[in-house]
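I opened my notebook to record what I looked up in this structure.

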Amino acid sequence: MLVIVCFSFLDASCAKKQKLRPIVLTPRIGSTETGIASWYGIPYHGRRAAGGEIYDMEQLVAAHRTLPFNTWVEVLNLDNSRSVTVRIIDRGPFIEGRIIDLSKAAAREIEMLGPGIAKVRVRIVTAPPATAQPSIAAFAIQIGAFQEKRRAEELRARFELEYGTAQIVYRAGNPPVWRVLVGNVSDLDAANELQQRIQLAGHPSFVVRLDPSPAPAPKIQ
C-alpha cells in the first residue's frame, strides 16, 4: 500500500501521549467515520490488490483496513466539501491515524492530489451481498511495520509471549514492509477490546481485517 512506513511503534513514552484510537464500528449502511485520507498510485498500479483484482489507479477504488471488499463508500473532503464514491478492493492504509487510501482518480475528484492527504468523512453507501463475504470474518491488531524482518520478528516474539498470538505479514512494495499483527479473532467487538488493551499499555495500534490470500491475476499492460 502506501510508500510511507511507520518503522517502529516501540516508543511507549510517545504512545502514552496519544489519544486512544476510535472504536471500529460494525459496518452498516449509513455508518460513518472521520479521519485522514491518503492516496496511492505508482508503484502499486497494475499490482494485485488484497481483494484479488488488479489495482488500477485511474478507477474509483480504495483501500480500507476493515470494511468487506466491494463495499461502496462516499468520501467527503471536509476542507472543500467535494465528494466521491469508491469501491473497497484493497487493504490499508497501514499508517496510524489514517482511515482510507484512495486511488489517484478518486483523490483527483476531491482535489487532494497535491496535498496528498485530507480530512474526510467516510460513509457506507452499499455493502456486498452476504454470499460474497467469507462466512467467518477475522481481525487482528497491527502494532508495528518495519523494513527489516529482524526488527519485526523481535516485536512479534515479544507480543506473542504477552498476548499468546502474533504474526508477521509481508507486504511487497518499494520499500517492502513487514507488518506485525497481534491476535486472531472473529468478533469485531473482541478485536476492539484487544486493541484498547494494547493501546492503554502504551503501544499505538489499530484493528485490521485478515483476508484469505486471493488467487493471482494478470497485471495491467
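My entries on the cores and the strands follow.

**Entry: the model.** I note that this is a predicted model.

**Entry: the main core.** I looked up the largest nonpolar core and found 21 residues in it. Val73, Val75, Val86, Ile100, Leu102 and Val120 have the most contacts inside this core. I then asked which elements supply at least two residues each. They are strand S3 (72-77), strand S4 (83-90), strand S5 (98-103), helix H2 (104-109) and strand S6 (117-126). S6 gives the largest share, four residues. I wrote down one general point: in soluble globular proteins, nonpolar side chains tend to be buried together.

**Entry: valine 120.** I listed what valine 120 is in contact with, leaving aside its neighbours within four places in sequence. Glu33, Thr34, Gly35 and Ala37 are among these contacts. Others include Val75, Leu76, Asn77 and Leu78. Ile99, Ile100 and Ile110 are also in contact with valine 120.

**Entry: S3 and S4.** How do S3 and S4 run, and how many bridges join them? They run antiparallel, and five bridges join them. Tryptophan 72 stands opposite arginine 87 in S4. S3 and S4 form a hairpin, with five residues between them. In the turn, I noted serine 81, which has a positive phi of about 65 degrees.

**Entry: S3 and S6.** I checked S3 against S6 next. Six bridges join these two strands, and they run antiparallel. Valine 75 stands opposite valine 122 in S6. Valine 75 also has a place in my core entry, among the residues with the most contacts.

Technical notes: Residues numbered from 1 in each chain as written. Predicted model: local features only at pLDDT ≥ 70, side-chain atom pairs only at ≥ 80, totals over all residues. Heavy atoms only, no water. Core = buried A, V, L, I, M, F, W, Y, C linked by side-chain atoms within 4.5 Å. Buried < 20%, exposed > 50% of the residue type's maximum accessible area, 1.4 Å probe, protein only. Contact = heavy atoms within 4.5 Å. Pairing = 2+ DSSP bridges.
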